[in-house]
Amino acid sequence: MIFFRKRSKFTFPIHTHAECELNFIENAGGTKRIVGDSVEEIDDLELTLIVNPDLQHAWLNPNTPPKDKEIIEITIQFHRDLLNDQLLQKNQLCPLREMLQRASNGLTFSRRAIEQIKDRLYSLSFEREGAHSVFKLFGILYDLSLDTSMRELSSPRAENDAKIYKSRRIEKVYNYMLENYSRKISLSEVAELVGMTEVSFSRFFKKRTSRSFIDSLNEIRLGYATRMLIDTTTSIAEICFSCGFNNISNFNRIFKKKKGCTPKEFRENYTE
């Protein structure tokens, strides 16, 4: 399904749906995008991919509507089985397979990638031949999968990360962090878990995941913390300590660095 809309405001509430969704928006800078526990203001060019049927998402009205410009929105929805596992196992489609795995957290793409495929999205929105539209969509998705600056939006789920990295040691470490994130976990502890020295483990983990061990652990903790901020009325102090952070100031600092706001501001913005 392809929807081409010219609009002055966004009217859809936060929602979920079974279909995968590629959503392009132009001329709506300042609009608030909500994907899972991610709340951000978008630029004048926006392209986001959602493939998780349980991932809540919405675009909410900008504070100041654009002057003399209509908001353009092109929404493409397709069933996940359009790209079945047998097709995605082909070596040539490895980037596409990995992109779809990462998109379970929602993905947003770089401005450069959006500008490169923008005209093709417009063309696709007016395509009347069914087979041609499918082939055009395949080409767009593949080219987007080559965007090295794509970024995950909602806090990552560690079990999905472990599968992407295809390493039994990484999977073992991630599972250990999932089970013990609420207490202090040392580098020496996880290094010993996989039979490596601290230096070797740090180098191995960073090479495989592009993140340090402590960054990954903090992302897991922040994932649980943001869900508690959204889903519960538990105090911020209780959330801080129950998610493994050792003090409030450290929790606020790490949270603001990752989310761009304090836990208190995040809860207020999301509730609003």
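Let's start with Cys 20, which is buried at a relative accessible area of 1% (buried means under 20%, with a 1.4 Å probe and protein chains only). Before I go on: this is a predicted model, so local features need pLDDT of at least 70 and side-chain atom pairs count only at pLDDT 80 or more, while totals for chains, interfaces and linings use all residues. Residues are numbered from 1 along each chain as its sequence is written, and side-chain values use heavy atoms, with hydrogens and water left out.

Next, Asp 37. You'll find Asp 37 in the loop between strands S3 (32-35) and S4 (38-41), strands being DSSP runs of E, at least two residues, and helices runs of H or I, at least four. Asp 37 is buried, again with a relative accessible area of 1%. Beyond neighbours within four places in sequence, Asp 37 has contacts including Leu 153, Lys 259 and Phe 266 (contact means heavy atoms within 4.5 Å).

Last, the helices. H3 (residues 111-125) packs on H4 (residues 130-145) at about 170 degrees, axes 11 Å apart. The pair is therefore roughly antiparallel, the label for angles over 145 degrees. Among the residues meeting there are Ile 117 and Leu 121 from H3, and Leu 137 and Ile 140 from H4.

Methods:
Axes are lines fitted to C-alpha atoms, for helices over the stretch in contact, and angles run from 0 to 180 degrees between N-to-C directions. Angles under 35 degrees count as roughly parallel, over 145 as roughly antiparallel, 65 to 115 as roughly perpendicular and the rest as oblique. Buried means under 20% relative accessible area, exposed over 50%, partly exposed in between (1.4 Å probe, protein chains only).
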